[in-house]
Amino acid sequence: MRFLTAGESHGPQLTAIIEGLPSGLPLTKADIDPWLALRQGGYGRGRRMVIERDEVQFLSGVRAGRTSGAPVTLAVENRDWRNWTEIMSPEPGGEPRKKALTAARPGHADLAGGIKYRHKDLRDVLERASARETAARVAVGAVALKLLGELGIEGVSHVLSLGEIASEVPFEWSLAPGIADSPLRCLDPQATERMIERIDRAKAEGDTLGGVLEMRFRGLPVGLGSHVHWDRKLDGRIAGAVMSVQAIKGVEIGLGFDAARRPGSAVHDAVFMREQRYSRDTNGAGGLEGGMTNGEDLVVRAAMKPIATLMKPLPTVDVVTHEAADAARERSDTTAVPAAGIVLQSVIAWVLADAVMEKFGGDTLPELQERVRTARAFAETY
């Protein structure tokens, strides 16, 4: 499978085209819009989330509530476009236009993108580099999550830490249904209260906060990915997808960096045969061995840096005058850590759905389901 997104932060809409979905997958707005809403929510979000009410439109590939096998086109309208029609118009003339951005923001794509594409109005860079693009990827990810759900695979994301405050409640699948009810999607209510206070203080100071997120998936069949070629290893593909999300600066699977500080006897997961099934007591590998799923839960963590647009801007240089300036300011969040969990869950879901289709194939959902059932049965009797 593959997909492509297009659209600017303040353009008319975000668009995604998905190719390779099997036919017969049940798919409606109700499968996508709740994920778009979750992406917009979470304590610490800015004014843009008040303007937008993201909803998906199906422009192709879905008929009577099911995929047809043709490419699926998804569109998410940008309501704020009404306030930017003159500024973002594709018609020539009127340059430099209103709200031209020439003071590059440290931590953003502004300066590097301006040099690469030879733009002096850095809005040509920020409009596509903006995390608004992730709305399209969440829509795509929601489709992937729907496909995985039809195969008995489910995923969840939650906040492990925000700023210097960490959750002390260990993850359990029984706690997963309550994550969406938390204003920060954190399992620890006491840590959540301290995080909210920290966000309020950062906002008053004109600062921003990052954090660490964890994504988990269960029900994955053994053997997604491959040990045969470097570019088919699933851990590499997952890491690439996670690092492609705006503001993500680190990723680990299973024990991750902690594995480097332990002896091998405290890292690797012993295998037992219990009731004629393979079993493990630990999951330091995070569900991946040799670039392949091993049947255990997939565990991925990601580090998100603080958002680079500060209300108390950092020093920079104006790319037109080359004089010192304060970094430009756009509407921004104090933190988007809870929202990033939804984005990361979505991009990982896409990688997993792609790996499922790569291994099992099938033009229709029933074919795919039968092949996955057969593979699971084989793994249990191997």
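Which residue in E8 is the bridge partner of Ser161? In this predicted model, the partner of Ser161 is Ala166 of E8. Strand E7, which spans residues 154-162, runs antiparallel to E8, and two bridges join them. Both strands belong to an open sheet of five strands, ordered E8-E7-E9-E15-E10, in which the pairing is antiparallel. The edges are taken by E8 (165-166) and E10 (248-253); each has a single partner strand, so one side of each is left without a neighbour in the sheet. Helix H8, formed by residues 337-360, lies across E7, E9 (211-218), E10 and E15 (298-304). Relative to E9, the helix runs at about 35 degrees.

Further pairing was found towards the start of the chain. Strand E1 (residues 2-6) pairs with strand E2 (residues 13-19) in the antiparallel sense, over five bridges. Arg2 has Glu19 of E2 as its bridge partner. Six residues lie between the strands of this hairpin, and in it Gly7 adopts a positive phi near 130 degrees. E2 also pairs with strand E6 (residues 72-77), again in the antiparallel sense. Six bridges connect E2 and E6, and Val72 of E6 stands opposite Ile18. As a general point, side chains in a regular strand alternate between the two faces of the sheet.

The loop between E2 and H1 contains Ser23. This residue has a relative accessible area of 17% and is therefore classed as buried, the cut-off being under 20%. Leaving aside residues up to four places away in sequence, Ser23 touches Thr67, Ser68 and Gly69, as well as Asp363, Thr364 and Leu365.

Helix packing was examined for H1 (residues 33-40) and H5 (residues 134-149). The axes of H1 and H5 come within 9 Å and cross at roughly 140 degrees. H1 is therefore oblique to H5, a class that excludes angles over 145 degrees, which count as roughly antiparallel. The crossing of H1 past H5 is right-handed. On the H1 side, the contact is made by Trp35, Leu36 and Arg39. H5 contributes Thr134, Ala135, Val138, Ala139, Ala142 and Leu145. Sorted by class, the residues of this contact are seven nonpolar, one polar and one charged.

Terms used
Residues are numbered from 1 along each chain as its sequence is written. This is a predicted model: local features need pLDDT of at least 70, side-chain atom pairs count only at pLDDT 80 or more; totals for chains, interfaces and linings use all residues. Side-chain values use heavy atoms; hydrogens and water are left out. Two strands pair if DSSP finds at least two bridges between them. Helices (H or I, at least four residues) and strands (E, at least two) are DSSP runs, numbered from the N terminus. Axes are lines fitted to C-alpha atoms, for helices over the stretch in contact, and angles run from 0 to 180 degrees between N-to-C directions. Angles under 35 degrees count as roughly parallel, over 145 as roughly antiparallel, 65 to 115 as roughly perpendicular and the rest as oblique. A crossing is left-handed if the near helix is turned anticlockwise from the far one by less than a right angle, and right-handed if clockwise. Contact means heavy atoms within 4.5 Å. Ala, Val, Leu, Ile, Met, Phe, Trp, Tyr, Cys and Pro count as nonpolar, Asp, Glu, Lys and Arg as charged, and the others, Gly among them, as polar. Buried means under 20% relative accessible area, exposed over 50%, partly exposed in between (1.4 Å probe, protein chains only).
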